[in-house]
Amino acid sequence: MAGIFDKVKDTLNSYRTPGYFKKLDHKWTMVVDLDMCNGCGACVAGCYAENNLPVVGKEDCGKSRAFSWLRIERYVDGEYPDVKVKFIPVMCQHCMKAPCEIGCPVYATYHNQDGLNVQVYNRCVGTFTCATYCTYDVRRFNWFSYKWPKPLDQQLNPDVTVREMGVMEKCTFCIQRITAAKDKAKDEGRGVKDGEVLPACCQSCPTNALVFGDLQDPESRVAKMVNNPRKYRLLEELNTDPSVIYLKRVMNDGKSEE
Amino acid sequence: MDILGLFKHADTMLDAAKRLESAGYAFTVFSPVPLVHEIDHAFGERKSYIKYFTFFGGLSGFFTGTLLALGTAALYVLPRGGRPIFFITPTLIISYETTILFGVGITLLSFFLFAGLPSFKKDVPSPEAAIDSFGLLVDDIREDEFVKLEKILKESGADEVKRVEEE
Amino acid sequence: MANQKSSVGIRGMEIKTLPKHDQSHISYREINEDILRFMTQTGPGYYIVLGALFLLTILLYALPWAYQIYTGQGVTGLNVPVFWGVYLVNFVFWVGVAHAGTLISAMLYITETPWRRAIARGAETMTLFALVIVTFFVFIHMGRPWNFYWSFPYPNTRQLWTSFQSPLMFDVFAIGTYFTSSVIFLYFGMIPDLASLRQSSTGWRKSLYRVMSLGWRGTDRQWHMHGKACMFFSSFIMPLVVSVHSIVSWDFALSVVPGYSKTVFAPYFVTGALLSGFAGVLLMLTVIRWFFPIMKKYVTAYHFDRIGIIILVLSLTWSYCTLMEVVTGLYANTSQELEHLKFKLLTPPYSYLFVLMIFSNTLVPLSLMIRKIRSCEIGMFFICIFVLIGMWLERYLIVPNSLSRKFLPWMWHDYFPSWVEVSITVGAVCFFIFMFMAFIKIFPVVSLFEVKEDAGIPMKKGH
């Protein structure tokens with residue numbers, strides 16, 4: 001009798017711990033080395049192609065409705081001859097304490113066992129709360145039903161859905177590739193190896209500025225990179241605990257800047 | 001057969017009611033406005049049981065809300081925003097609202113129960129009693145009592161005494 | 001007769017005292033006849049206005065919404081950082097307008113304030129229809145409004161209930177409870193009146209009242225239960241009024257966005273709601289008095305005086321909260337807060353809107369200190385209009401404006417409502433007036449039995 005009681009108490013206590021899951025299966029992490037990023041935008045193009053992102057055209061881009069799940073923010077410092085331009089690729093940070101997740105009334109966005117912030121399109125009713133609460137402005141909304149012109153509909157990725165009008169979406173860390181890698185590893189009876197999962201942005205980056213991996217695996221590249229003193233996370237002071245880790249760019253004058 | 005006395009003034013009606021009471025008749029007061037304080041004053045406080053219903057309605061609402069919120073959390077263990085699965089503060093907000101919702105609903109039902117609504121069998125004995133007169137109705141009297149009752153009512157100042165036939 | 005003023009002369013000077021609330025000159029039968037005449041004697045002007053409003057509702061509200069559902073939310077002016085626009089502004093605004101109704105009927109019932117009786121029903125009606133508008137605005141602002149029922153907890157084939165930790169779910173419960181309670185409160189108070197009106201009305205009206213009065217006979221026992229239940233409803237609705245708008249404010253305050261994440265929001269929103277609500281009630285009373293002179297007998301200068309004072313007090317409280325909202329932002333002194341305040345207070349056109357808001361919510365109501373203005377119908381009418389516009393602007397300056405300046409400067413983007421949003425906003429007002437106008441001709445907008453109580457219970461010997 002006492003045993004059952006203790007078990008119930010333990011279960012309840014484990015439920016009370018934030019996040020519930022004491023240990024995640026994986027903790028997918030992306031490391032962005034800003035020293036290597038030259039702002040070419042290949043990652044953005046790769047993301048568009050992989051995730052069936054509609055291209056909305058000039059007019060809607062002007063209204064700030066571009067669909068880039070991953071964007072390269074450019075900040076220009078100084079006046080013309082003495083100009084410093086900084087790039088920072090910003091995608092969904094997959095926060096461990098995501099502000100967007102508590103906003104959703106229908107469980108359309110939640111945290112899964114892989115430490116990913118997932119968006120379930122079918123559950124979404126479009127209350128915009130997640131996007132409003134998001135501190136990185138990375139969520140994108142299907143303002144219209146987007147159509148692909150005739151030959152282009154043939155290049156849609158069959159592994160990714162085409163989202164309906166009125167649904168919120170965002171960077172998934174290419175969850176279809178993660179799932180495929182996990183399935184393959186499971187079939188072969190082993191764990192997922194480092195470098196086996198390669199999101200489209202990392203794949204297309206010419207300078208390898210974007211590195212993806214499992215932070216829980218001590219042998220992975222990301223786990224080694226996060227010990228870098230240049231490490232920082234975007235808007236860390238907001239206590240969102242992001243999974244994307246940036247490595248500061250070291251400028252010519254020896255100063256490192258965000 | 002019923003007898004109905006119609007009064008233009010509330011105090012004369014209450015006088016008549018007192019005399020009827022001392023004569024040993026049961027009566028019903030009809031009024032277009034609530035006379036609760038006046039009747040309480042004349043005949044003593046009456047009991048109302050609505051408060052118990054309201055209390056248990058509110059209490060059941062509180063538990064329903066808590067059960068709904070925590071039960072959903074237990075059934076769908078979906079961690080969100082690093083918050084605990086059993087998160088007490090938002091649960092209290094939900095149960096706060098359901099307390100009010102259930103409290104109001106049960107109060108309405110108990111009001112219907114105690115006020116005998118809805119019932120379309122009996123009508124107001126006289127239209128005036130719903131507009132501008134105070135009515136005093138004595139149910140099921142015999143023919144020989146009528147004159148006596150009419151006298152009591154008239155003496156206390158009834159403006160009109162009516163014979164109401166059973167339908 | 002309406003505003004009986006007694007004059008007292010002191011040393012040859014005449015001092016006008018406050019208008020008194022004295023309705024004892026009205027007889028019970030007169031009340032019944034007046035209200036019935038108010039409902040049944042309808043001129044062609046009423047039908048023309050009603051028809052015009054219906055047409056406007058269709059043109060400005062229903063059709064643009066249908067177009068929006070068909071085409072997508074893209075027809076609005078929303079963009080990537082600004083996901084909450086005019087629809088949410090309207091949502092908060094109309095919840096605010098709804099607030100005064102229940103407060104007048106509930107709080108003033110508990111305190112047994114006599115002058116509430118004549119206006120409580122009208123105010124409750126406003127609450128109900130304002131909540132209808134609110135509910136529609138929730139659906140209008142959704143991306144997939146055809147799935148709106150997914151936000152209710154019920155056993156479903158999706159095998160999923162709703163998340164009770166979401167501030168929006170609080171909203172569903174708060175507004176659901178508020179809606180249910182106001183319907184119950186309104187209908188419950190109307191039962192004796194319908195029974196009374198049933199005696200003197202004819203035709204479909206009689207049969208409708210017969211069914212809806214549920215066989216109310218007005219026995220002492222029924223009145224006793226009615227009074228008790230009404231007290232419980234009032235005591236439940238009082239905290240509900242406060243909780244509903246604080247929950248609405250938590251939609252914003254529970255985020256981390258600068259300009260949203262403010263602890264002052266719950267009292268700020270409740271005060272603002274009551275301010276706009278009382279202004280709405282007063283506006284409604286003024287208009288009703290203009291178009292139906294019969295109402296001047298029931299809605300007197302005394303009401304204007306009292307509500308005028310309430311609006312003055314609420315406006316001062318609101319001004320304090322506004323000051324605190326800005327000051328706490330300045331004291332926080334983080335770059336995001338400063339950027340947000342700079343955008344809100346110093347960037348045209350929002351700086352002009354801010355000045356207009358302060359003008360219409362703080363400065364204009366200050367004139368209510370003068371008794372002459374409180375008793376001046378036209379003056380009160382314009383003050384109410386100003387307050388309503390100011391309160392709408394307050395929500396506009398909070399909801400889309402804070403989102404325009406979020407954390408990452410690259411994504412900063414301004415917001416301007418599209419024609420669809422403007423049209424639906426205007427159409428909602430038409431829809432509201434249409435519903436209200438239709439209601440007041442079908443159901444008594446003045447509580448008969450309460451006004452009778454107001455006129456005093458007839459006693460031969462006196463009290």
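Student: In which loop of chain C does Leu214(C) lie?

Tutor: Leu214(C) lies in the loop between α6 and α7 of chain C. Helices are DSSP runs of H or I with at least four residues, strands are runs of E with at least two, and both are numbered from the N terminus. This is a predicted model, where local features need pLDDT of at least 70 and side-chain atom pairs count only at pLDDT 80 or more, while totals for chains, interfaces and linings use all residues. Residues are numbered from 1 along each chain as its sequence is written, and chains are lettered from A and ligands numbered from 1 in the order in which they are written.

Student: Which residue of chain A has a positive phi?

Tutor: Tyr107(A) has phi near 60° and is not a glycine. Its place is the loop between α4 (99-103) and β4 (109-111) of chain A. Tyr107(A) counts as buried because it has 22 C-beta neighbours inside 10 Å.

Student: What surrounds Gly259(C)?

Tutor: Two residues are in contact if their C-beta atoms, placed from the backbone, lie within 7 Å. Leaving out residues up to four places away in sequence, Gly259(C) touches His340(C), Ile398(C), Asn401(C) and Ser402(C). Gly259(C) is buried, with 25 other C-beta atoms within 10 Å. The loop between α7 and α8 (265-291) of chain C holds Gly259(C).

Student: At what angle do α5(C) and α6(C) cross?

Tutor: Axes are lines fitted to C-alpha atoms, for helices over the stretch in contact, and angles run from 0 to 180 degrees between N-to-C directions. Here the axes of α5(C) and α6 (residues 203-212) of chain C come within 8 Å and cross at roughly 150°. Leu194(C), Leu197(C) and Arg198(C) in α5(C) meet Lys206(C), Tyr209(C), Arg210(C) and Met212(C) in α6(C).

Student: How many residues of chain C are in contact with chain B?

Tutor: The size of an interface is often given as the accessible area lost when the parts come together. Counting residues instead, 52 of chain C are in contact with 55 of chain B. The largest share of the chain C side, 16 residues, comes from α7(C). By class, that side has 25 nonpolar, 18 polar and nine charged residues. Ala, Val, Leu, Ile, Met, Phe, Trp, Tyr, Cys and Pro count as nonpolar, Asp, Glu, Lys and Arg as charged, and the others, Gly among them, as polar.

Student: Why is chain B called more spread out than a compact globule?

Tutor: Compare its radius of gyration, taken over C-alpha atoms, with the globule rule: 2.2 Å times the number of residues to the power 0.38. Chain B has 25 Å, well over the 15 Å the rule gives for 167 residues, so it is more spread out than a compact globule. Its C-alpha atoms fill a box of roughly 80 × 35 × 25 Å along the principal axes.

Student: Which domains does chain B have?

Tutor: Domain bounds come from an automatic or database domain assignment. Chain B is divided into domain 1 (2-45 + 128-164) and domain 2 (50-115). Their C-alpha centres lie 45 Å apart.

Student: Which peptide bond in chain B is cis?

Tutor: The bond from Leu117(B) to Pro118(B) is cis, with omega near -10°. Pro118(B) is in the loop between α4 (88-115) and α5 (128-131) of chain B.

Key: Buried ≥ 20, exposed ≤ 12 C-beta atoms within 10 Å, placed from the backbone.
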